[in-house]
Amino acid sequence: MKIDVLSIFPTMFDGMTGNSIIKKTIEKGLVDVSVTDFREYAEGKHQTVDDYPYGGGAGMLLKAQPIFSAVEAVQERTPNTKPRVILMDPAGKRFDQKMAEEFAQEEHLIFICGHYEGYDERIREFLVTDEVSVGDYILTGGEIGAMAMMDSVIRLLPGALGNADSAVTDSFSTGLLEHPHYTRPAQFRDMDVPEVLLNGNHKLIEEWRERESLRRTWERRPDLLDNYTLSDQQQKWLDEIKRGVE
């Protein structure tokens, strides 16, 4: 996969690409990440990337020209790909695991990280393929949101994680929140690991995990169950959980 990022603060991505799983994934050649300062593509002596909005109003807008030129330059370097051009914007569709899995299937992603009050509307209309938000709150710029999305997408690439099953069983990937986890020791300060996890009966362990995943989802994110099709067994468990039956 090829990932290009357009930002006027490119060094913000150094920490992300130089550490942990993302660094290893890059070293393995599973993903190629490039960060471009789109100020370098701004016309004029002062390379201005923002200007006042027509009609007045607060704040400054990112100009169309530097971003169009930067995206075109990126595409010229990778002429054989058809990229998804992602605009980081609070007005965009909210990012979730399903979208991460969709983006992970693409060969080329371009993230546009904005600043100031917003974008010249022509960027939305004629350049981008996706407008995406990481949540209902405002950040200083799009860089942090883009990093969160990139991390979520890159870890889904085949070979990125040491255990391929990790991504499959993550919270949200199955439609439910992930079940509780425990590790050694079995007893810590009079707090015990559930007995079912210690008996070696894998069928009972899987049933416990599925039930606890369902419990955690109902307790913390019941909205996820609105669009989740329960099996007969899961429905029985959920009814018992709601009644407080153990």
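Tutor: A salt bridge here is a side-chain nitrogen of Lys or Arg within 4 Å of a carboxyl oxygen of Asp or Glu. The pair links distant parts of the chain, since Arg-84 is in strand S5 and Glu-102 in helix H4, 18 residues apart. Helices (H or I, at least four residues) and strands (E, at least two) are DSSP runs, numbered from the N terminus.

Student: On what basis are such values given?

Tutor: This is a predicted model, in which local features need pLDDT of at least 70 and side-chain atom pairs count only at pLDDT 80 or more, while totals for chains, interfaces and linings use all residues. Residues are numbered from 1 along each chain as its sequence is written, and side-chain values use heavy atoms, with hydrogens and water left out.

Student: Is Arg-84 buried or exposed?

Tutor: Buried means under 20% relative accessible area, exposed means over 50%, and partly exposed lies in between (1.4 Å probe, protein chains only). Arg-84 is buried because its relative accessible area is 14%. Glu-102, at 39% relative accessibility, counts as partly exposed.

Student: How many salt bridges does a search of the whole structure find?

Tutor: The search finds 15 salt bridges. One of them joins Asp-136 to Arg-94, with the closest N and O atoms 2.4 Å apart. Asp-136 lies in the loop between S8 and H6 and Arg-94 in strand S5, so this pair ties together parts that are 42 residues apart in sequence. Asp-136 counts as exposed because its relative accessibility is 64%. Another salt bridge brings together the side chains of Arg-124 and Glu-131 (2.8 Å, N to O). Salt bridges that share partners also join Arg-84, Glu-102, Glu-106 and Asp-130 into one network.

Student: What is the strand order in the open sheet of five strands?

Tutor: Two strands pair if DSSP finds at least two bridges between them. The order is S2-S1-S6-S5-S8, with parallel pairing. Strands S2 (32-36) and S8 (130-133) stand at the edges with a single partner strand each, so one side of each is left without a neighbour in the sheet.

Student: Which contacts does strand S6 make within this sheet?

Tutor: Five bridges join S1 to S6, and Ile-3 has Leu-109 as its bridge partner in S6. Four bridges join strand S5 (residues 84-94) to S6, where Leu-109 is also the bridge partner of Arg-84. Both faces of S6 are covered: His-108, Ile-110 and Ile-112 are buried on one side, and Leu-109 and Phe-111 on the other.

Student: Which residues form the nonpolar patch on the surface?

Tutor: A patch is made of residues with over 30% relative accessible area and no salt bridge; like charges are joined within 9 Å and nonpolar side chains (Val, Leu, Ile, Met, Phe, Trp, Tyr) within 5 Å. Accessible areas come from the Shrake-Rupley method with a 1.4 Å probe, and for residues only the protein chains shown count as cover. The patch consists of Phe-9, Met-12, Tyr-137, Leu-139 and Ile-144, with about 470 Å² of accessible area together. Ile-144 lies in helix H6 (residues 143-154) and counts as exposed at 51% relative accessibility.
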